[in-house]
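Dear colleague,

Please find below the structure that I am handing over to you. My notes on what was found in it follow directly after.

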There are 2 protein chains.
Amino acid sequence: MKKLFEPDGIAIAGASTNPTKAGYVALRNMKEKEYPGNVYPINPNETEILGYKCYGALSEIEGNVDLVVLIMPARLIYNIMDDFDKRMEEKHDVKYIVCAAADYAETKTEEGIRRQARLMESAEKWGVRVIGPNCIGVIDNRTKVDTTFVDTGVPFSEFGEPTGITFISQSGALASAILMEAAGRVFPVLYNKFISIGNMADVDFVDLLEYLENDDTTKVIGMYMEGYRDGKKLAETLRRITAKKPVVILKVGRSEKGSKAANSHTGSMAGADNVYDAMFKQYGVIRVETIDELIDTMQALDALPLPKGKNHFLYSQAGGPGIYCTDAIAAAKHLETPLVSEETKERLRASQLPMANICSPEGYADITASATVANHVDGLKIVLEDDAVDSVTFITVVPTFLPQIELANALVEMEKSIPAEKKKPVYYCVMAGEYTAPARKIMEENGLCTFNTPDKAVKAADNMTRYALYRRRKAGEE
Amino acid sequence: MKKLFEPDGIAIAGASTNPTKAGYVALRNMKEKEYPGNVYPINPNETEILGYKCYGALSEIEGNVDLVVLIMPARLIYNIMDDFDKRMEEKHDVKYIVCAAADYAETKTEEGIRRQARLMESAEKWGVRVIGPNCIGVIDNRTKVDTTFVDTGVPFSEFGEPTGITFISQSGALASAILMEAAGRVFPVLYNKFISIGNMADVDFVDLLEYLENDDTTKVIGMYMEGYRDGKKLAETLRRITAKKPVVILKVGRSEKGSKAANSHTGSMAGADNVYDAMFKQYGVIRVETIDELIDTMQALDALPLPKGKNHFLYSQAGGPGIYCTDAIAAAKHLETPLVSEETKERLRASQLPMANICSPEGYADITASATVANHVDGLKIVLEDDAVDSVTFITVVPTFLPQIELANALVEMEKSIPAEKKKPVYYCVMAGEYTAPARKIMEENGLCTFNTPDKAVKAADNMTRYALYRRRKAGEE
């Protein structure tokens, strides 16, 4: 699968000069990301698009082409594949086709099925692997390959370095939405790789999982799934991978009606949801319920070390949000209350204002609205130093009189002062809205994980802990 | 309570020239909102702040003062109340005190309790009502009163007209967070009134509810609650109000541990959560679980008509998000599948592209990623015209080639074309992120209700329907 993500030469059938067309946006994405390799737009009516020289046909491109992207209308597939055959007879170069267009077998029409068959006929003849059709394409932000036609509305320069998160989506629309949601966060999230697999005419979940298993830059795998034909194979693959790296899945078709809708969508056999659910539980897959939870959990897994155990401390600057969060922790399945030492309590008290509430109830501190930056940071460090604490949710509302940039920098410094082997996950809830965006941005840029409401922080903490416990149990069995 | 929200003259003890102090931000908020009445900062060391003339003491203010705001450090309460007594002996004018500062009885220290007693002693002597202490103040965005010291980070000019939503919060921090969260939305939400009640030394939930019951500009009441001492009175008041207008409550202390934390916070007897829960259910109160759900539900209740019944249609431009949403609808307690007429199905088919999925399963349409603006709007109108449909969730991912501004305007026009008596609630899910913010802003400005993920739209739809069914049942009983 390496050449898919690091191709030597990309040809784009359906390239366009019209900024509202997919065949333009895909080229613009590649241009904006400064993909360093050769890009060959195919469009017989143009000489160049966005500075890339245009070609009349795939067979006319002189240079090497590892990857062909099909974004032209599906009805043109017959001509395109005839020309593809011509090229392959001469050059034998293409290794991958990403067929982004829709109107193939997913329509369940005779014509749609025939088109997909034509695509696959040539691909199989030449041993070329196909992604799609009916997908939005493939991204590798490390090699700067981006065949998608998604405009996130956020300039590429505002993203940080690629994360360790790789995402596979069975729905193109959901893939777009997730790319856009992640881009719209306070600090835009750049995925490591992003693969929309559409109809899975050839390359499917398992093919990709097998590749990602040994892809060192992929630290966390996320998936949106409607169903998969070979449950046994999927289960075996997942079991092997979750022993090494976390897999987070948003699987739809929980309800009977959702399952029916899934069948009529990608035509995939969704299968009984409880079978998937049991399999995910057994094999340490983190199943999430919402899009927010999916993105939050993937980010936390990427940014933070796994906790050693269940003991979760709540360190809050605000009473109301603290109680709200206490309820969320009580409802979490994998979090328990740590009993910190008397020494820690003493040190905590000494580090805080007199009205601070220390450990009443246990595992909880309310440092109050008057807390200074030093109160915020010093107390958190003391909590993290207690052996009874495996992870912490930190909450602050950032009152007007609290300098938020100073707070953000002090928290970053404190985190940096902890040696890697002693690091514990802290879920920073910095409420709320636009006002605290500057602080959150600094924190996220420096690898801290922030949330805007306590319930979201706790969901991520619960999911991380669940996975950590699975890994510990697995390691014990070996 | 009228003079609290429409005071003739506001004095602010603790006014400051320091932009990081509460006593400055409160003045600045009033200035920015262009409060038309007299504002009298009290600060013996200044001659004017932000253009307002400063006074050395409350008793020195010549003009009428209906409302006194206390933002000075709590230890000064003795001097302030002595001077307050002096003023009242001479002028008898003050009707309300908003005591925003903390460090009163909530600290459970002797000194804190004594301070609060001193405050209440004078207030009771003169028949003056007190809000607080330990709160963030009071807002009325219609009369432009804003005694809070919350900086939302969003210029006031970016908000629309005041909504019909009035919010009461027992936690100052949660109140700030909700103000800021709402301000940070794609189209900033301006509350009608906003009251942080803190320690409830005097004015409490029931006092405010009784006033809001007959406040015509308040259409929806939202509350954050930790507990209330007189459950019976609260229940009676809520029962009376929910027969007229919706009440949405985020009540914390669900868990035993949360309940303990609540007790040690505001000192309020949180009481057994299941008692509250049963009371809320019986009296038609909409209990929500998260901050997001709270804000979404209040906004939907404010912007949309109540549905006539449970039948909820899902109209989606995107397969994956459609299936995801189908699961959410199946999990909702108060939504059912409508069976639209054959005529509606025919009309829908005729309005859409050939590959559109119409009513398979029932109550569901997937108009596909290729849908034009006209496909989006025309089909939705047809669905709304079917008598079997009480409400609709609409989903679009807004592909690059779909002009989002044109779509937003067309949806607004379509909604405007429906006569008021035939209006049905539509929950518009416009995924995702920053890219679609321009479209969502236009829609929200024109009274449409938008969401960024389908699960949130469905939560709001479920809550609206639950309340509509309660109202119908109550009306039937009379």
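In what follows, two residues are said to be in contact when heavy atoms of theirs lie within 4.5 Å. Please bear in mind that this is a predicted model.

I begin with a pair of helices in chain A. Helix α11 (residues 319–331) and helix α16 (residues 454–477) of chain A have axes that come within 9 Å and cross at roughly 30°. Angles under 35 degrees count as roughly parallel, and the crossing therefore makes α11(A) roughly parallel to α16(A). The crossing of α11(A) past α16(A) is right-handed. On the side of α11(A), the residues in contact are A:Pro321, A:Tyr324, A:Cys325, A:Ala328 and A:Ile329, and they meet A:Pro454, A:Asp455 and A:Val458 of α16(A). By type, the residues of this contact comprise seven nonpolar, no polar and one charged.

Next comes a sheet in chain A. It is an open sheet of seven strands with mixed pairing, in the order β9-β8-β11-β10-β12-β13-β14. The edges are held by β9 (145–146) and β14 (286–287) of chain A; each has a single partner strand, so one side of each is left without a neighbour in the sheet. Within the sheet, β12 (residues 220–225) and β13 (residues 247–251) of chain A pair in the parallel sense over five bridges. In this pairing, A:Ile221 stands opposite A:Val247 of β13(A). Helix α7 (residues 231–242) of chain A packs on the sheet and touches β12 and β13 of chain A, its direction making about 145° with that of β13(A).

The relation between the chains is as follows. Chain B is superposed on chain A by a rotation of 180° with 0.0 Å of shift along its axis, the RMSD being 0.0 Å. That is the relation of a two-fold axis. Within chain B, the C-alpha nearest the axis belongs to B:Asp292, at 5.6 Å from it. Of the interface residues of chain B, 100% are also interface residues in chain A, so the copies meet through the same surface.

Finally, some points of backbone geometry. Most residues other than glycine have a negative phi, and most peptide bonds are trans. A:Ser360 and A:Pro361 are joined by a cis peptide bond, with omega about 0°. A:Pro361 is placed in the loop between β16 (357–358) and β17 (364–366) of chain A. In chain B, the peptide bond from B:Ser360 to B:Pro361 is cis, with omega near 0°. A:His92, a residue other than glycine, has a positive phi near 50°, and is found in the loop between α3 (77–91) and β6 (96–99) of chain A.

With kind regards

Methods. Residues numbered from 1 in each chain as written. Chains lettered and ligands numbered in written order. Predicted model: local features only at pLDDT ≥ 70, side-chain atom pairs only at ≥ 80, totals over all residues. Heavy atoms only, no water. Axes fitted to C-alpha atoms, helices over the stretch in contact; angles between N-to-C directions. Helix = DSSP H or I, 4+ residues; strand = E, 2+ residues; numbered from the N terminus. Parallel < 35°, antiparallel > 145°, perpendicular 65-115°, else oblique. Left-handed = near helix turned anticlockwise from the far one by under 90°. Nonpolar A, V, L, I, M, F, W, Y, C, P; charged D, E, K, R; others polar. Pairing = 2+ DSSP bridges. Least-squares fit on C-alpha atoms with pLDDT ≥ 70 in both.
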